[in-house]
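Please read this briefing alongside the sequence and the 3D structure.

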Amino acid sequence: MRSGLNNIQWCVGCGDTLIIGAIKKAFSDLGIESHNRVVVSGVGCSGKASQYIDGYAAETLHGRTLPFATGVKMANPNLTVLATGGDGDGYGIGMGHFIHACKRDLDITYIVMDNENYALTTGQASPTTPIGAKTKTTPEGNISEPFDPIGIAEKAGCRFAKRADSIKFAEMKDIIKEAITHKGFSIVNIHQACPSFKRW
Ligand SMILES: Cc1ncc(C[n+]2csc(CCOP(=O)(O)OP(=O)(O)O)c2C)c(N)n1
Ligand code: SF4
């Protein structure tokens, strides 16, 4: 266990900063102390989230947050386990794990930091990029329909799947608290700004 880092390295105006603020506040409101919780993150700008929150933490491989979190929860069910990662991490390379986590329904909270692009690799289209958005890989505008993570989660058996927006801080924090309190797998897809690459 260790203290979270204070030297935030995200771009100015990045929604990631608001999201970790809400996660920290949710833990504190619920009285979940740092030695009783584990934050597991993936790879990407969002991957740094686990570094900035006090407690046990793991920054895992791209798309592998959920299998890692599953192992942690199975090894010690008394811990509060919160997995986090980007839309590319969770719905691109990690999609198979996402479906199985919904189906398995272990008591894990999954926070997806959805900036609608692959930001760390400088702005390629992701599974949630909207139609028409111009990115490095869609210079003429995206032509593929973004998929609906909440609908997919529910179809796969998830009993708690909600959306939030990082600009509505209080609402986002309350939804995260509900998700942590829910007994079973919960996902919160949080829409966020990425001032460096998202211009739609
Ligand atoms: C197996 C693997 N494939 C590709 C990469 C390269 N890579 C690093 S970050 C990233 C994109 C991250 O996008 P997202 O998960 O949406 O997170 P964001 O950076 O937007 O927060 C990719 C493709 C990698 N690190 N590992
Ligand atoms: S590139 Fe986008 S997601 Fe990454 S730190 Fe900067 S604003 Fe945030």
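The notes below take up the two ligands and then a selection of residues.

This is a predicted model, in which local features need pLDDT of at least 70, side-chain atom pairs count only at pLDDT 80 or more, and totals for chains, interfaces and linings use all residues. Residues are numbered from 1 along each chain as its sequence is written, chains are lettered from A and ligands numbered from 1 in the order in which they are written, and side-chain values use heavy atoms, with hydrogens and water left out.

**Ligand 1**

- Around ligand 1 there are 16 residues, of which Cys 45, Ser 46, Gly 88, Asp 89 and Asn 115 come nearest; a residue is near a molecule if one of its heavy atoms lies within 4 Å of it.
- Ser 46 has a polar side-chain atom 2.8 Å from an oxygen atom of ligand 1.
- Backbone atoms also face the ligand: a backbone N or O atom of Gly 88 lies 2.9 Å from an oxygen atom of ligand 1, and one of Ala 119 lies 3.0 Å from an oxygen atom of ligand 1.

**Ligand 2**

- The residues around ligand 2 include Trp 10, Cys 11, Cys 14, Cys 45, Cys 194 and Phe 197.
- This shell divides into eight nonpolar residues, two polar and no charged. Here Ala, Val, Leu, Ile, Met, Phe, Trp, Tyr, Cys and Pro count as nonpolar, Asp, Glu, Lys and Arg as charged, and the others, Gly among them, as polar.
- Ligand 2 takes up the space of the second largest pocket. On a 1 Å grid over the protein atoms alone, where a 1.4 Å probe fits, a pocket is an open set of points with protein on both sides within 12 Å along at least five of seven lines; a molecule sits in a pocket if more than half of its atoms lie within 2 Å of its grid points.

**Buried residues**

- Ser 166 lies in the loop between strand E7 (160-165) and helix H6 (169-181); helices (H or I, at least four residues) and strands (E, at least two) are DSSP runs, numbered from the N terminus.
- Ser 166 counts as buried because its relative accessibility is 3%; buried means under 20% relative accessible area, exposed over 50%, and partly exposed in between (1.4 Å probe, protein chains only).
- Beyond its neighbours within four places in sequence, Ser 166 is in contact (heavy atoms within 4.5 Å) with residues including Gly 15, Met 172 and His 191.
- Thr 65, in helix H2, counts as buried at 1% relative accessibility.
- Ser 126 is in the loop between strand E6 (124-125) and helix H5 (149-155) and is buried, with a relative accessible area of 10%.
- The side chains of Ser 126 and Asp 87 are joined by a polar contact of 2.6 Å; within protein, such a contact is a pair of N or O atoms within 3.5 Å, one able to donate a hydrogen and the other to accept it, and residues adjacent in sequence count only if both atoms are side-chain atoms.

**Positive phi values**

- Glu 116, in the loop between E4 and strand E5 (117-118), has phi near 60 degrees, a positive value in a residue other than glycine.
- Glu 116 is buried, with a relative accessible area of 11%.
- Phi of Asp 105 is also positive, near 60 degrees, and Asp 105 counts as partly exposed at 23% relative accessibility.

**An exposed helix residue**

- Ala 75 lies in helix H2 (residues 65-75) and counts as exposed, at 67% relative accessibility.

Key:
On a 1 Å grid over the protein atoms alone, a cavity is a set of points where a 1.4 Å probe fits but cannot get out, and a pocket is an open set with protein on both sides within 12 Å along at least five of seven lines; lining residues have an atom within 4 Å of a point.
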